[in-house]
Amino acid sequence: METERSGHKVTKITGKTAVGAGKTMTLKATLSPAKSNANQAVNTTVKWSSNKPAIAKVDAKTGKVTGVSAGKAKITVKAAGGSKSQTVTVYGIASKNLKQTVKAGKTKNVSANDTIKSAKSSNTKVATVTYKGKKVVIKGVKKGTAKVTVTTKNGGKNVITVTVK
């Protein structure tokens, strides 16, 4: 007797819809069985993907999402019987803003998509930092390089590399 192979259908995705940059969360897929009988083998394999891995990466097998950069990404799970997608927001600072050049004595504003909880310079002799709301203000002090670590209210954590000229 032959065995017919069929697949499950993804009925929903559960889990958080937001993650901080540098943080992880796991999404789960709920599958509904295809019609089955004693002679069917059911395929329950799923594959996860992200339409914007520069914003949110996802492990293809586990659904573990890692926030990379501020923005939104569509996470899709595919099964043999169909697929579902969910939009995930990543809180923090956009990757295009993670390298900054500022002249000594001048300032540079960098925005986040979430309220900033803390911002700290690795070398205050090179660059100082203040923050209010969703904005970080980096001030060049003297020539050199510093790292500014920014943490947002919803868990985003980014490091901005600052070069002072």
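**View 1. A hairpin through two residues joins β10 to β11.** Strands here are DSSP runs of E, at least two residues long, numbered from the N terminus; helices are runs of H or I, at least four residues long. This is a predicted model, in which local features need pLDDT of at least 70 and side-chain atom pairs count only at pLDDT 80 or more, while totals for chains, interfaces and linings use all residues. Residues are numbered from 1 along each chain as its sequence is written, and side-chain values use heavy atoms, with hydrogens and water left out. Strand β10 (residues 71–79) runs antiparallel to β11, with nine bridges between them. Look for K74, which faces T87 of β11.

**View 2. Strand β11 (residues 82–91) also runs parallel to β3 (residues 18–20).** Three bridges link β3 and β11; two strands pair if DSSP finds at least two bridges between them. Here G20 sits opposite Y91 of β11.

**View 3. An open sheet of three strands has the order β13-β16-β15, with antiparallel pairing.** At its edges are β13 (107–111) and β15 (127–132), each pairing on one side only. Between β15 and β16 (residues 135–140) there are six bridges, and T130 stands across from V137 in β16.

**View 4. T151 is part of strand β17 (residues 144–152).** T151 counts as buried because its relative accessibility is 19%; buried means under 20% relative accessible area, exposed over 50%, and partly exposed in between (1.4 Å probe, protein chains only). Setting aside neighbours within four places in sequence, T151 is in contact with I116, K117, S118, G156 and K157, where contact means heavy atoms within 4.5 Å.
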